[in-house]
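Please take a first look at the protein below. Keep both the sequence and the model in view while you read.

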Amino acid sequence: MTDSLEKSVLSVSDYLNWESQQPEKHVFFGGEVFAMTGGTLRHNLATVASVLAFKSHLAGSPCKVFSGDVKVAVNVTEHWFYPDVLVTCSAQDLGDMSAVAVSEPVLILEVLSPSTQAYDRGQNFISLQKLSSLKEYALLDA
């Protein structure tokens, strides 16, 4: 993540409306918006390998694996972000395949990078502890 794009405090609704018109992805946390940085080839390969492994493991189950373009909404902390990999088994999450976010993931995996590892180990982890659905939070040092 990079520095906050705007210092004014936004509502979740303002963020979602604004971000839907942006070419880049942004994290929303407590009213602030942060631009996401690009990844490396190593990061992308680790993400793809993880998605394929989870997809194979989950075959035949009601759970689905997603990567990169699907937001997780931690509403209690006003935290919306794009994890590298997520798994949800929630009928509510999977009921509308045109949705842009899930709120009941059971697994989140982040591929660590120098620019995000402090966030992934710190504030992201603290926020995710508020999700009652979450069973696993994994950090992959690729």
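The paragraphs below go from confidence to sheet, hairpin, cores and disulfide.

This is a predicted model: local features need pLDDT of at least 70, side-chain atom pairs count only at pLDDT 80 or more, and totals for chains, interfaces and linings use all residues. Residues are numbered from 1 along each chain as its sequence is written, and side-chain values use heavy atoms, with hydrogens and water left out.

Start with confidence. pLDDT is the predictor's confidence in each residue, from 0 to 100. The protein has a mean pLDDT of 92, and 95% of its residues reach 70 or more. Residues 1–6 fall below 50; beyond near neighbours in sequence, this stretch has 21 contacts in the model. Contact means heavy atoms within 4.5 Å.

Next comes a sheet. Helices (H or I, at least four residues) and strands (E, at least two) are DSSP runs, numbered from the N terminus. Two strands pair if DSSP finds at least two bridges between them. Four strands make an open sheet in the order E4-E7-E9-E10, with mixed pairing. E4 and E10 (136–140) are its edge strands, each pairing on one side only. On average, neighbouring strands of this sheet are turned by 15° against each other, direction ignored. Five bridges join strand E9 (residues 105–111) to E10 in the parallel sense. Leu107 has Glu136 in E10 as its bridge partner. Helix H2 packs on the sheet and touches E4, E7, E9 and E10; its direction makes about 170° with that of E4. Axes are lines fitted to C-alpha atoms, for helices over the stretch in contact, and angles run from 0 to 180 degrees between N-to-C directions.

Now turn to strand E5 (residues 71–74). In a regular strand the side chains alternate between the two faces of the sheet. In E5, Lys71 and Ala73 lie on one side and Val72 and Val74 on the other, and all are buried. Buried means under 20% relative accessible area, exposed over 50%, partly exposed in between (1.4 Å probe, protein chains only). E5 runs parallel to strand E8 (residues 101–102), joined by two bridges. Lys71 bridges to Ala101 in E8. With strand E6 (residues 79–81), E5 pairs in the antiparallel sense over three bridges. Here Val72 has Phe81 as its bridge partner.

E5 and E6 form a hairpin with four residues between them. Glu78 is in that loop. Its phi is near 50°, a positive value in a residue other than glycine. Most residues other than glycine have a negative phi. Glu78 counts as partly exposed, at 37% relative accessibility.

A nonpolar core is a set of buried Ala, Val, Leu, Ile, Met, Phe, Trp, Tyr and Cys residues joined through side-chain atoms within 4.5 Å. The largest one has 14 residues, of which Val72, Phe81, Ile108 and Leu128 touch the most other members. A second, separate core of 10 residues includes Val51, Cys63, Val85 and Leu107.

A disulfide is a pair of cysteine sulfur atoms within 2.5 Å. The whole structure holds one. Cys63 and Cys89 form it, with their sulfur atoms 1.8 Å apart. The torsion about their S-S bond is about 100°, so the disulfide is right-handed. Cys63 lies in the loop between H2 (41–58) and E4 (64–67), and Cys89 in the loop between E7 (85–88) and helix H3 (91–94), so the pair ties together parts that are 26 residues apart in sequence. Cys63 is buried at 13% relative accessible area, whereas Cys89 is partly exposed at 31%.
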